[in-house]
Amino acid sequence: MSASNRIVLSSDHAAIQFRQAIAAHLAALGWVVVDIGPSSPESTPYPRHGEAAARLVASGECRFGIILCGTGQGIMMAANKVKGIRCGVCADTFSARMIRQHNDANMLSLGARVVGEGLALDIVDAFLSAEFEGGRHATRVAMIEALEG
């Protein structure tokens, strides 16, 4: 199965219902959703979930990843520790487009306590519909990648 239409979703306990709404939206758009949980509302550490999703993207098993926690910040920080991941937190559609167009982001992070569901779906759509522009941005992305060692 090609990774070109596969997208991984993960969250901590604060964003389970939010993640499930995004998963349904993506499936309706034709994406193969790899939802790696969690499904239980018990407290769970977001670094574990951010890393797990990032590893699926970095390995090429999934084209993109969408991760969620209360603010989107902590889970994004964990994901960005995985080599090859460029993940940004977005609370608006402009930023979501720009992290794809200018930074070739392969993961999007959302804060379940920051944005509402309708806006989150618009942000997801903006992220997925944008294309990396390359050019001068490719040089900058290469500089970011060089920081990984």
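A crossover is right-handed if, with the strands pointing away from the viewer, the path from the first strand over the helix to the second runs clockwise. I wrote that down before anything else, since my opening entry needs it. A reminder to myself: the model is predicted.

**Entry 1: the crossover**

I looked up S4, H4 and S5, and together they make a right-handed β-α-β unit.

Next I checked the start of H4. There, a side-chain oxygen of Asp 92 comes within 3.2 Å of the backbone nitrogen of Phe 94. Which residues of H4 are buried? I noted Ala 96, Met 98, Ile 99, Arg 100 and Gln 101.

**Entry 2**

I then stepped back to the whole sheet. It is open, has 5 strands in the order S2-S1-S3-S5-S4, and its pairing is parallel. S2 (32–35) and S4 stand at the edges with a single partner strand each, so one side of each has no neighbour in the sheet. On average, neighbouring strands are turned by 20° against each other, direction ignored.

Two pairings got a closer look. S1 and S2 pair in the parallel sense over 4 bridges, and Leu 9 has Asp 35 in S2 as its bridge partner. S3 and S5 also run parallel, joined by 5 bridges.

Helices came next. H1 packs on the sheet and touches S1, S2, S3 and S5, its direction making about 170° with that of S1. H2 (residues 46–58) lies across S1, S2, S3 and S5, and runs at about 170° to S1.

**Entry 3: strand S5**

Why do I call S5 largely enclosed by the rest of the structure? Buried means under 20% relative accessible area, and 5 of the 5 residues of S5 are buried, so the strand is largely enclosed. Both faces are covered: Met 107, Ser 109 and Gly 111 are buried on one side, Leu 108 and Leu 110 on the other.

Leaving aside neighbours within four places in sequence, Leu 108 is in contact with Gly 65, Ile 66, Ile 67, Cys 87, Gly 88, Cys 90, Ile 99, Ile 123, Val 124 and Phe 127.

Buried or exposed? Ser 10 counts as buried because its relative accessibility is 0%. Ser 11 is buried too, with a relative accessible area of 0%.

I looked at what their side chains reach. A polar atom of the Ser 10 side chain lies 3.1 Å from the backbone oxygen of Gly 37, and the side chain of Ser 10 reaches the backbone oxygen of His 49 at 3.4 Å. For Ser 11, a polar contact of 2.6 Å joins its side chain to that of Arg 19.

Beyond four places in sequence, Ser 10 touches residues including Arg 19, Ile 36, Ala 53 and Ile 66.

**Entry 4: Arg 140**

Last, I turned to H6 (residues 136–146), where Arg 140 lies. Arg 140 is partly exposed, at a relative accessible area of 45%. Arg 140 and Asn 103 are 37 residues apart in sequence, yet their C-alpha atoms are 7.8 Å apart in space.

Definitions and conventions: Residues are numbered from 1 along each chain as its sequence is written. This is a predicted model: local features need pLDDT of at least 70, side-chain atom pairs count only at pLDDT 80 or more; totals for chains, interfaces and linings use all residues. Side-chain values use heavy atoms; hydrogens and water are left out. Buried means under 20% relative accessible area, exposed over 50%, partly exposed in between (1.4 Å probe, protein chains only). A polar contact is a pair of N or O atoms within 3.5 Å; within protein, one must be able to donate a hydrogen and the other to accept it, and residues adjacent in sequence count only if both atoms are side-chain atoms. Contact means heavy atoms within 4.5 Å. Two strands pair if DSSP finds at least two bridges between them. Axes are lines fitted to C-alpha atoms, for helices over the stretch in contact, and angles run from 0 to 180 degrees between N-to-C directions.
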